Amino acid sequence: MQNNTDPGFKIPGNQADPNAKPASEPALSPVPPGGSAAPGTAGAPGAPIEVAPVQGAPATDTSTRDLAIGGAVFLVLLIVFFFARNAYSNHLVRRRVAPSSADTAGWLMFFGLAFMSAAAVLAIMNAGKFLTVAITGTLLVLGIASLAGALITGRR
């Protein structure tokens with residue numbers, strides 16, 4: 001039998017008597033050494049163990065409802081950004097910018113806004129999981145680069 005040396009999990013209990021159980025906890029029959037408990041009992045090898053999270057620990061799981069709401073918000077934003085892209089391209093053409101440059105600047109603006117809003121939606125949905133340099137940082141760098149490219153291309 002191996003000893004459990006994992007320091008990351010402790011069962012809270014009475015410090016004076018480690019074998020004492022709280023009054024609200026039902027007494028469980030111990031499993032004899034080398035024996036096995038009856039199936040369905042708390043000491044069974046395949047029985048599920050319920051572990052409550054530490055008080056104040058951030059939840060890192062995102063529910064499907066949150067993902068659906070975030071996806072719908074992002075889709076609405078993409079539709080709005082598409083109309084803004086068309087308006088920006090038409091505005092640049094009226095300012096005597098070449099139509100090809102105006103179209104490129106419009107698409108760069110669309111992708112820049114899309115990357116920035118993707119970072120914002122992910123951060124709002126689950127900051128503990130998505131607010132990292134690898135995810136949010138990459139989206140923000142790409143968004144800022146696209147918006148800068150849109151401004152530079154729109155000046156030609």
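## Aromatic pairs

Two rings of Phe, Tyr or Trp (for Trp, the six-membered ring) count as a pair if their centres lie within 6.5 Å. By that rule, this structure, which is a predicted model, holds 5 aromatic pairs. Take F110 and F111: their ring centres are 5.3 Å apart and their planes sit at 70°, so this pair is edge-to-face. The cut-off behind that label is an angle over 60 degrees.

How exposed are these two Phe residues? F110 has 11% relative accessibility, so it counts as buried. F111 comes in at 40%, so it counts as partly exposed. The cut-offs here are under 20% for buried and over 50% for exposed, with partly exposed in between.

## The ring cluster and its Arg

Now zoom out a bit. Ring pairs tie F82, F83, W107, F110 and F111 together into a cluster.

## Helix α1

R85 turns up again in helix α1, where it is one of the buried residues, along with G70, F81, Y88, S89 and L92. What covers them? The cover for the buried residues of α1 includes α2 (99-125) and α4 (133-153).

As for length, α1 runs over residues 64-94, which makes 31 residues. At 1.5 Å a residue α1 should span 45 Å, and its end C-alpha atoms are 45 Å apart, so the two values agree. After α1 comes R96, which has a positive phi, near 70°.

Notes: Residues are numbered from 1 along each chain as its sequence is written. This is a predicted model: local features need pLDDT of at least 70, side-chain atom pairs count only at pLDDT 80 or more; totals for chains, interfaces and linings use all residues. Side-chain values use heavy atoms; hydrogens and water are left out. Rings of Phe, Tyr and Trp (its six-membered ring) pair if their centres lie within 6.5 Å; planes under 30 degrees apart count as stacked, over 60 as edge-to-face and the rest as tilted. Buried means under 20% relative accessible area, exposed over 50%, partly exposed in between (1.4 Å probe, protein chains only). Helices (H or I, at least four residues) and strands (E, at least two) are DSSP runs, numbered from the N terminus. The expected span of a helix is 1.5 Å times one less than its number of residues. Contact means heavy atoms within 4.5 Å.
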